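Thanks for coming. Please have the sequence and the model open as I talk.

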Amino acid sequence: MTKEDLPIISSEEEMYLDEPYGGLFGDTVIAKVVEELVADPTMDYRPKYLEDITEKSERSIYNALKKLLLLGLIEKKGDEKHPVYRVRVESKKFAALSFLAYAMLDDRDGTHCMNMAVNGYYNSVLREKYEPKAIANVDNWKSGPGIVSEDNNNYRKFAASA
């Protein structure tokens, strides 16, 4: 992105650029920790790293991590003296927070990141559960892979549409 492509934002919006989720949740410790976790959910996080990156106290980081553990957004690995935290990417809370982060970007920059993320989530997680494998009516047939008869023979298609 070149300097000419950067969106023009108001001074009010600019003051929230460095706050998690554009200032939606304020400048709290837990909001800063969540922002870091959602930004890179594949990383193993140590409390000291979160202290350094958020510039918050050890106690406040531990309190935030404890709450996020209770809420099921993260899981704890390692021993008590050297804990390591990891995002539970299968958590619906993680998905929702990711979509929210994309929505903040989209509203600010006019992009379509959230739409692409929702589409990806639907295709990888929800499609098989909510779309039928076959749809038939008088006009045409639609079928998906794995549709077989009771005797394990594939059904014959009379007409198909994409």
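Let me start with the largest nonpolar core, which has 18 residues. Val33, Val34, Leu37, Leu65, Leu68, Leu73 and Ile74 are the ones that touch the most other members. By a nonpolar core I mean a set of buried Ala, Val, Leu, Ile, Met, Phe, Trp, Tyr and Cys residues joined through side-chain atoms within 4.5 Å. Buried means under 20% relative accessible area, exposed means over 50%, and partly exposed is in between, with a 1.4 Å probe and protein chains only.

Which elements give two or more residues to this core? They are helix 2 (29-39), helix 4, strand 2 (84-87) and helix 5. Helix 2 gives the most, with five residues.

A word on where this comes from. This is a predicted model, in which local features need pLDDT of at least 70 and side-chain atom pairs count only at pLDDT 80 or more, while totals for chains, interfaces and linings use all residues. Residues are numbered from 1 along each chain as its sequence is written, and side-chain values use heavy atoms, with hydrogens and water left out.

Now the overall layout. The chain has six helices and four strands, and along the sequence they follow the pattern α-α-α-α-β-β-α-α-β-β. Helices (H or I, at least four residues) and strands (E, at least two) are DSSP runs, numbered from the N terminus. Of the 162 residues in the chain, 24% are buried. Among the contacts with a separation of 6 or more, 34% are between residues 24 or more positions apart. Contact here means heavy atoms within 4.5 Å.

Back to helix 2. Its buried residues are Val29, Ala31, Lys32, Val33, Val34, Leu37 and Val38. Note that a lysine, Lys32, is in that list. These buried residues pack against helix 3, helix 4, strand 1 (74-77), strand 2 and helix 5. As a general point, an α-helix has 3.6 residues a turn, so residues three or four places apart point the same way.

Take the packing against helix 4 next. How do helix 2 and helix 4 pack? Their axes are 9 Å apart, at an angle of about 65 degrees. Axes are lines fitted to C-alpha atoms, for helices over the stretch in contact, and angles run from 0 to 180 degrees between N-to-C directions. Helix 2 and helix 4 are therefore roughly perpendicular to each other; the classes are roughly parallel under 35 degrees, roughly antiparallel over 145, roughly perpendicular from 65 to 115, and oblique for the rest. The crossing of helix 2 past helix 4 is right-handed, the term for a near helix turned clockwise from the far one by less than a right angle, with anticlockwise being left-handed.

On the helix 2 side, Val29, Ile30, Val33, Val34 and Leu37 meet Ser60, Ile61, Ala64, Leu65, Lys67 and Leu68 of helix 4. Ala64 is buried, at 5% relative accessibility. Leaving out residues up to four places away in sequence, Ala64 touches Val29, Ile30 and Val33.

Lys32, Val33 and Glu36 of helix 2 meet Tyr49, Leu50, Ile53 and Thr54 of helix 3. Val33 takes part on both sides: its contacts, again beyond four places in sequence, are Leu50, Thr54, Ile61, Ala64, Leu65 and Leu68.

Next, the rings. There are two aromatic pairs. Rings of Phe, Tyr and Trp (its six-membered ring) pair if their centres lie within 6.5 Å; planes under 30 degrees apart count as stacked, over 60 as edge-to-face and the rest as tilted. Tyr45 and Tyr49 have ring centres 6.0 Å apart and planes at 45 degrees, so this pair is tilted. Tyr45 is buried, at 1% relative accessible area, whereas Tyr49 is partly exposed, at 32%. Phe99 and Tyr121 have ring centres 5.7 Å apart and planes at 85 degrees, so that pair is edge-to-face. It links distant parts of the chain, with Phe99 in helix 5 (residues 92-109) and Tyr121 in helix 6 (residues 113-130), 22 residues apart.

Glu55 is exposed, at 72% relative accessibility, and has a positive phi of about 60 degrees although it is not a glycine.
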